[in-house]
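Open the model in your viewer and keep the selection panel at hand. Each stop below says what to select and what is there.

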Amino acid sequence: MRSLVITQNITLDGSIEMLGEWFDPQESDQGELDQLLAESERCDALLLGRQTFEDFRSYWPNVENDQTGITDDLNAQDKFVVSSTMTDPQWSRTTIFSGDWERQVRDLKQQGGGDIVVTGSIKLCHALIEAGLVDEFRLYLYPAVQGRGRRLFPEGFESDSLSLVESHPFANGHVELIYRAA
């Protein structure tokens with residue numbers, strides 16, 4: 001079975017909603033970029049909510065001379081967008097999940113392949129967490145305090161079954177923390 005992995009950038013105070021200037025995808029140091037690309041090699045599917053998908057679609061396919069390799073990687077990956085309103089994704093290799101999207105995600109996890117990664121998509125992440133569909137959390141911790149914004153876990157959600165499996169500090173002060181769900 002494939003793993004469903006939530007990958008998020010997160011502030012020290014736990015916000016994943018990017019309301020300030022603390023995150024820029026082009027400012028990763030080489031160690032962080034190498035880690036992202038290594039994880040990307042294990043991933044062959046991207047699962048997004050509609051708003052994050054539209055944000056990605058308007059940015060990544062249009063980046064010229066992308067030195068990070070992220071543009072090529074995203075264009076080559078299968079993308080799945082959860083939406084009840086979208087009919088034409090306008091980005092190659094994209095499938096729309098509507099209706100019983102939880103069943104569609106469960107079916108996707110049963111297929112052969114690499115990791116299914118979810119990023120951004122806060123409402124979708126909350127729904128996936130509450131449905132018990134998340135296998136791993138990859139958190140890129142930024143040394144910033146935003147003081148506001150939505151959090152990774154839904155309000156009132158509790159769990160004591162996460163296990164730290166890896167941590168990677170980077171020269172720019174960011175730290176990746178990888179937790180497995182039991």
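Element names come first: helices (H or I, at least four residues) and strands (E, at least two) are DSSP runs, numbered from the N terminus. This is a predicted model, in which local features need pLDDT of at least 70 and side-chain atom pairs count only at pLDDT 80 or more, while totals for chains, interfaces and linings use all residues. Residues are numbered from 1 along each chain as its sequence is written, and side-chain values use heavy atoms, with hydrogens and water left out.

**Stop 1: the largest pocket**

A pocket here is found on a 1 Å grid over the protein atoms alone: it is an open set of points where a 1.4 Å probe fits, with protein on both sides within 12 Å along at least five of seven lines. Lining residues have an atom within 4 Å of a point. Points are joined across faces, edges and corners, and the volume is the space filled by probe spheres set on them.

The largest pocket holds about 1,300 Å³ of space. Select Thr 52, Phe 56, Thr 119, Gly 120 and Ser 121: of the 47 lining residues, these are the closest to its centre. Then colour the elements that give two or more residues to the lining: strand E1 (4–11), helix H1 (30–41), strand E2 (43–49), helix H2 (50–59), helix H3 (70–76), H5 and E6. Which element gives the most to this lining? Select H2, which supplies 6 residues.

Now colour by class. Ala, Val, Leu, Ile, Met, Phe, Trp, Tyr, Cys and Pro count as nonpolar, Asp, Glu, Lys and Arg as charged, and the others, Gly among them, as polar. The lining has 21 nonpolar, 16 polar and 10 charged residues.

**Stop 2: the second largest pocket**

This one holds about 170 Å³. Its lining has 13 residues, and Ile 129, Gly 132, Val 134, Phe 157 and Ala 181 lie nearest the centre. By class, the lining divides into 9 nonpolar, 3 polar and 1 charged.

**Stop 3**

Select residues 115–118, strand E5. Buried means under 20% relative accessible area, exposed over 50%, and partly exposed in between (1.4 Å probe, protein chains only). Asp 115 and Val 117 on one side of E5 are buried, and so are Ile 116 and Val 118 on the other.

Two strands pair if DSSP finds at least two bridges between them. E1 and E5 pair in the parallel sense over 3 bridges, with Val 5 opposite Val 117. E2 also runs parallel to E5, joined by 4 bridges; there, Leu 47 stands opposite Val 118.

Stay on E1 and pick Thr 7. Is Thr 7 buried or exposed? Thr 7 counts as buried because its relative accessibility is 12%. Contact means heavy atoms within 4.5 Å. Leaving out residues up to four places away in sequence, Thr 7 touches Val 117, Val 118, Thr 119, Gly 120, Arg 138 and Tyr 140.

**Stop 4: strands E6, E7 and E8**

Select strand E8 (residues 175–181), which pairs with E6 in the antiparallel sense over 6 bridges. Tyr 140 has Glu 176 in E8 as its bridge partner. On to strand E7 (residues 162–169): 7 bridges join E7 to E8, and the two run antiparallel. Pro 169 is bridged to Val 175 in E8. E7 and E8 form a hairpin with 5 residues between them, and Gly 173 in the turn has a positive phi of about 95°.

**Stop 5: Asp 135**

Go to the loop between helix H5 (122–130) and strand E6 (136–142), where Asp 135 sits. Asp 135 counts as buried because its relative accessibility is 16%. Show its side chain, which makes a polar contact with the side chain of Lys 109 at 2.9 Å. Such a contact is a pair of N or O atoms within 3.5 Å; within protein, one must be able to donate a hydrogen and the other to accept it, and residues adjacent in sequence count only if both atoms are side-chain atoms. Neighbours within four places in sequence aside, Asp 135 is in contact with residues including Arg 2, Tyr 179 and Ala 181.

**Stop 6: two positive phi values**

Most residues other than glycine have a negative phi. Select Asn 65, in the loop between H2 and H3, where phi is near 55°. Asn 65 is exposed, at 68% relative accessible area. Finish at Gln 90, in the loop between strand E3 (78–82) and strand E4 (94–97). Gln 90 has a positive phi of about 55° and counts as exposed at 59% relative accessibility.
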